[in-house]
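Here is a friendly briefing to read with the model open beside you.

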Amino acid sequence: MSDVIEVSYTGDLLAHRRCPRAWAYEKHVGMHPYEHVQAMEGYLVHHAMEWLTRYYQEHDRKVHATRQELTDQLNYYFKILWGRGIRTTFRSRDETIEAVVDHLYPLPKGKPLPEVKAVVEGAQHEEYPLRSVRKVVPARFGGKSRVLLTGVLDVVVQQQSTLTYRRVWKWTDEDSLSGKAVVATQVAKKGDLEIWDYKGTRSSTDYLEDYVRQVVTYAALLEDRIGLPKRCVLFFVNEPTPEKRLLAIPINRAVVDGGVDWTLEQVRDLRQTVLQMQQDPLSIEGGDLRRRHLPLKERVTEELKAQCTACGQRFDCSTYRAYLGPGKNGSEHPDVDILNVAKN
Amino acid sequence: MDTAVFLDLVDEVLGREGRALDRKSAQPAIITVEGGDQVLQILAGPGSGKTEMLVWRLIYELVVLGTAAERLLITTFTRKAATELEVRLVERIDALLAAAAKRGMNLRDPHVHDVRIGTIHSLCDRLLREFDPDYMAEGAELIDEHETNVRLAREYRFRLGFDARPGYPPRLINRLIDREMLTALFRAPWEGDRWPANNIARVLYVRALLDQHTETWLPRCGGTQKVNGVEAMAGNAGVTADLIDLHDKWMEYLESQGVMDFAGIQERFLEGQATVLDEIDHVFVDEFQDTNPIQLAIHTGWLERPETRLTVVGDDDQALYRWRGSDIQCFIGLKDECRKLGATYRREVLERNYRSTRNIVAFTEAYRSRSVLGTPGLTLDKKLRPARGADLGPPVRLLVGDWRSLSAVVAAELKSEQARLKKAAESDPEISEVLDAAILLFSTSEKVTRVARAPAVDLRDALETRGLRVYNPHNKIAGRPGSPVHDLIALISYLIDPVTKERVNGRLVEVHASCREADRWPFAVSMPPKYRISDAHATFQKQFRKSEGGGIDRPSPLHADLLTYVDDVREQLVTARRTPRLSLSAFVARLLSRPRFRNCGYTVSLFRQALFTALLEANIAPSRRTMASLDAAMGPVSNGNGQIEWPKQFWQLLDVFGALLHSADLDDVEVEAFADQAVAMLTFHQAKGLEFEHVYVGCTGRDVTPQNVLRTMLFSGEKVRYAINAGQQVETKDKKVLQLAQADREREVYVAMTRAKRHLTVLYDPGDDRKIMRLNPGIAAVSDGSQTTPHPLDSSVQVHELRLGKEVRA
């Protein structure tokens, strides 16, 4: 019917990279997941940042919200999310909200962190919806001729004063878009244009390279609109170590172009999963796409495990079962034991 | 940038797409936003490039007038149409910026991503969320139709007022059902004369009443409190007051729950539109012919601010949704409406068809102009023409024969076409091997009864025999035995209220806790619920357990492992030493991992599993803010008598969910994923907005029924004479009503036929005397006298070829 592959950056591409099998059943076929356990903190973090920015703008760009006001707002928003079926992982409501507030307005001062102030005061454009259409060769994309890539960039920032980054992304191979985060100093000057993406994970995430490629691609998609920004920034809002919260990513023409090419390759992989699903759904293996060359039991990282343990498709997932191994005395591991009613 | 340069750039961009700007047509006048423009109505025939023109007019606003993107709003009919529009907009603006840069023009970022595109419901929600502090504070969530039905089913007795017990005074819903002149307006032609007799039929009736009242009566009569037209009929005093009461109670309920349904969000937006007026400069409305009165009120409501512009595009010959509350009068009467509001009005017409061949355009135009649609005054004046240089194309065909033979011929033709495409794609990577074909029928129901076999069933059989996958989302059989939807509710029913065979009063009988016979309750596995519930859920359970050679006391070997598993889970839940954490949804996830469900391949069965999870969610969501949440761990306990006691919310789930699935003919969801690489079998309504290389059209001659027209007129406060016949269907002799009703039928067929790009074939079986199988008289008239030859694949099928394109100058 349609010749367009509609792809959301986070909902499809990154989710597919984490586990093609879970993506195929939940996103492609439409199985409703029974728990959104991973989402609560992420939703709260994004809402907090968006609300703080709006608050500042509504107060003539002069006044920041207080810690108590932020807490009250998150309490209110928590109820809305709960009503929509979004759940916390292992913590209570108060603990979850307190953790988010502590990371943004740490005690004992209870004032916004410098990086929070910087992004709130410099925000030019929040929740920037990105859409880009790329023509592709049908033979390479399973009969489709166009890709609609969508994503939501958290914020475009024009710095209002200097800000020092203590962690910087170092490109080790620009062609393959590889690199690593290193301890180094980079200073944003007043007026620098940047794009920021908020992350609810720790800075040591397994998916750091994917996040870097994502935000670099966003820069490419935005180029026609705002020109190339000075740098991209990842803000790990739940990172406890202050100097690790921000990661500055230098960009240039090569990496920006490479980001788009890399993204289209991911769309191609995703389309391959669709075609494979159409032939034989059971043949799609679970686990991290990047680890497909490794034995089954090595394809689940610690971070992915948090997703697998609440996944509705885990009971007959050979990858996850291999990762868990058998339970006590050779019995079924309790995490995939379909008779274990002590676990949801 | 001035207009001339802009139009040059448009010409350049479109030229690269193979269709330059037609400067002699209305296109430049449509693209250009003129100084005095307040309302522009674009009358656009099928395939005339209305989306293209809408997009360029919007880009003109951004680039030439410099309007901020977030101050532009486009409403589309579906989310899919919104995506198509987004794609087109992004493609065109990128191409325009590139073309401008080549000429040394440095255009500023038009922030095209910020243009507000969506369905009217989603846009109303988003705008209120952004600009109305009260709405924002409420945190209301928009709910879909499934959830609306579930909420109504759970609440209508208590919140709205219904009492089925004989001898008790009739409550609100009882009164509305008892009014035959009202009920008949909502009774579908295929429903029996006792409709609405069960719980779910009552829910669907109440919802239809709420929608029609909110979307038609409120905007047209609410201000003046003009009485509903039904009230003028004898014995119907008080209808208006009852409907107002119904509406108010339902809105009160929705607000108390922090949710909003589709009708409610429009009303809420209309009330709060003043807070948003200053935020928008130009509103674009696609598919305006399917607008309902409340939507018209919203669209014209923007004109309260004199600087705001409104551009609407549509085709009155393609209005299809009167049955869902839209009124073609909103489109036809826009000029008069503008006059009343004092708004300036301009109309432009797009008559060239860029989609279809000359033969198809000539045939469909002949059909349109010779049918009632060609009656002066009934529709706005236009004449469809082929694009300049359009191919003559193959002749339009009318295939006449036995339906099964026709089905086999269709399948054989499509299989052959698929093979041709595959071969072509092997030598040229630019060619897509995906078969682009649709079979369009008035009804695509695949229900098979003892006396009738639905036409869609034969088509599916024929296509699948040829190895072609079929996508039919409106089949009405998604919940039938053998479907995962059916089996999963059966297994939930078995978990909570297993049916057993017991000796009661000396007789071996089927026993379960929610059965009607109180003397059986002490023998049930579960303790009976505290109040009577529908035992429709048990029907699913019994059918499942008795299928495949099984019985209540001897499970089929094909089901034994699943039933044993459910027994074990029940046992574990009751006897577990640690507090169970297993929720109902997680139980279903475990079931879905069993081979019976998992090993189904990429078939409709897989998508029905997904449908079940969505329906379950619609049942769980309303309970989340209550103490008895269905999200919580299932906590059955064993009572002192050896029976299992389940919390009340699980009985409520069985009551509502079981009855909903039992009484409603469930459709599959429209999911793009399954449509991919399949032959689409769609109703005329579903085909709207789509186009295909190959189109087969069947079931074109349904009866002309006046109920939808009557409903619109009466809820608009008009007084029209009508009666009810012995079958409890409405009848009228009103000429205007009958003419409008006939036009509705002809429009459906017109929309279906104009979806074809290159091959159009009409199917007709003269030996089948069912009403929907008749040939539409308009098609018969156009094809009369055409040359006939036997079909090369089956000589029993006669081919009438129509080459009208020769007579038309392109």
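Over all chains, the structure holds 99 salt bridges, a salt bridge being a side-chain nitrogen of Lys or Arg within 4 Å of a carboxyl oxygen of Asp or Glu. This is a predicted model, in which local features need pLDDT of at least 70 and side-chain atom pairs count only at pLDDT 80 or more, while totals for chains, interfaces and linings use all residues. Residues are numbered from 1 along each chain as its sequence is written, chains are lettered from A and ligands numbered from 1 in the order in which they are written, and side-chain values use heavy atoms, with hydrogens and water left out.

**Salt bridges**

- R57(B) pairs with D37(B) in a salt bridge, with 3.0 Å between the closest N and O atoms.
- R57(B) sits in helix α3 (residues 50-63) of chain B and D37(B) in the loop between α2 (27-31) and β1 (39-44) of chain B, so the pair ties together parts that are 20 residues apart in sequence. Helices (H or I, at least four residues) and strands (E, at least two) are DSSP runs, numbered from the N terminus.
- Both R57(B) and D37(B) are buried; buried means under 20% relative accessible area, exposed over 50%, and partly exposed in between (1.4 Å probe, protein chains only).
- D281(B) and R305(B) form a salt bridge at 3.1 Å, N to O. D281(B) is in the loop between α12 (262-272) and β6 (282-285) of chain B and R305(B) in the loop between α13 (293-301) and β7 (309-314) of chain B, so this pair links parts that are 24 residues apart in sequence.
- D281(B) counts as buried at 15% relative accessibility, and R305(B) counts as buried at 14%.

- Six strands of chain B make an open sheet with parallel pairing, in the order β3-β2-β6-β7-β1-β8. Two strands pair if DSSP finds at least two bridges between them.
- The edges are β3 (116-119) and β8 (345-350) of chain B, each with a single partner strand, so one side of each has no neighbour in the sheet.
- On average, neighbouring strands of this sheet are turned by 15 degrees against each other, direction ignored. Axes are lines fitted to C-alpha atoms, for helices over the stretch in contact, and angles run from 0 to 180 degrees between N-to-C directions.
- The parallel strands β6(B) and β7(B) are joined by four bridges, and V285(B) stands opposite V312(B) in β7(B).
- Packed on the sheet, α3(B) touches β1, β2 (72-76), β6, β7 and β8 of chain B, and its direction makes about 175 degrees with that of β6(B). Contact means heavy atoms within 4.5 Å.
- Helix α15 (residues 334-341) of chain B lies across β1, β7 and β8 of chain B, at about 165 degrees to β8(B).

**Helix packing**

- The axes of helix α10 (residues 199-222) of chain B and α13(B) come within 7 Å and cross at roughly 55 degrees.
- Contact residues include T214(B) and R220(B) of α10(B), along with I294(B) and A297(B) of α13(B).
- In helix α20 (residues 536-546) of chain B, the buried residues include H537(B), F540(B) and F544(B).
- The buried residues of α20(B) pack against α19 (484-496), α21 (560-575), α23 (595-598) and α25 (648-663) of chain B.
- Just after α20(B), E548(B) has a positive phi of about 55 degrees.
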